[in-house]
Amino acid sequence: MSEIIDISQAVDENTPAYYGDTPLTLQWICNDEVKTSEIKVTPHVGTHVDSPMHFSCSQNGIGKVPLSTFVGDCIVAASEFALNAKSLEAWAVFQKYKACGRILFKFEDKEQGIAEEVVELLVEEKFVLIGTSTPSIDDEKSHDFPNHRFALSHGLCALENLVLDKVEPGVYFLSAAPIKWLKAEASPVRAYLIKKIAKN
């Protein structure tokens with residue numbers, strides 16, 4: 001048996017977009033038999049993933065990033081490990097499961113970013129995905145986005161705006177596949193975790 005944990009933000013017209021980005025607008029197009037909608041929104045609203053193209057580190061859009069980047073085992077870590085590379089490296093869970101190449105950081109302070117030294121460690125360990133429960137892997141006050149630039153230039157994609165409030169640190173199975181948009185730098189995702197439950 002297993003438990004599915006939804007870690008995606010709900011998105012509607014009131015969901016805040018990142019500074020200067022386009023929030024969601026949805027327009028209904030109806031006739032007597034069919035109801036469809038037209039949506040205008042930044043791909044960075046709600047829970048989403050950034051590809052290297054976001055900071056011109058690659059010409060390949062999000063749809064060309066291998067699907068295996070976003071699906072598989074991952075580590076969920078408390079914010080203390082997002083701020084200190086030595087602590088993260090010494091954490092037994094990290095040492096045991098770092099080969100999975102995916103890590104999500106759970107923050108209480110939504111304005112805080114991940115320490116640059118932590119991003120450097122993850123690149124050194126050949127991680128492919130870094131996630132955060134904040135709007136950005138960089139500090140909210142950052143204007144030059146060093147974590148984005150370094151991570152994305154090394155093929156480390158960024159999964160942002162996760163909902164990890166009720167998720168305990170540990171190891172999970174992650175699914176956070178983006179839409180296969182070939183020419184977009186990012187994509188919304190419906191991210192979820194699966195925690196294995198031991199049988200009695």
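This is a predicted model: local features need pLDDT of at least 70, side-chain atom pairs count only at pLDDT 80 or more; totals for chains, interfaces and linings use all residues.
Local features were taken at pLDDT of at least 70 and side-chain atom pairs only at pLDDT 80 or more, whereas totals for chains, interfaces and linings use all residues. Residues are numbered from 1 along each chain as its sequence is written, and side-chain values use heavy atoms, without hydrogens and water.

Helices (DSSP runs of H or I, at least four residues) and strands (E, at least two) are numbered from the N terminus. Helix α4 spans residues 116-124, and its buried residues (under 20% relative accessible area, 1.4 Å probe, protein chains only) are V118, V119, L121, L122 and V123. These residues pack against several elements (contact being heavy atoms within 4.5 Å), including α1 (79-82), α2 (85-90), β7 (129-132) and α5 (146-153).

Most residues other than glycine have a negative phi. K126, in the loop between α4 and β7, has a positive phi of about 65 degrees. With a relative accessibility of 68%, K126 is exposed (over 50%). N161, in the loop between β8 (157-160) and β9 (170-175), also has a positive phi, near 65 degrees, but N161 is buried at 8% relative accessible area.

The lining of the largest pocket comprises 10 nonpolar (Ala, Val, Leu, Ile, Met, Phe, Trp, Tyr, Cys and Pro), 11 polar (the others, Gly among them) and eight charged residues (Asp, Glu, Lys and Arg).
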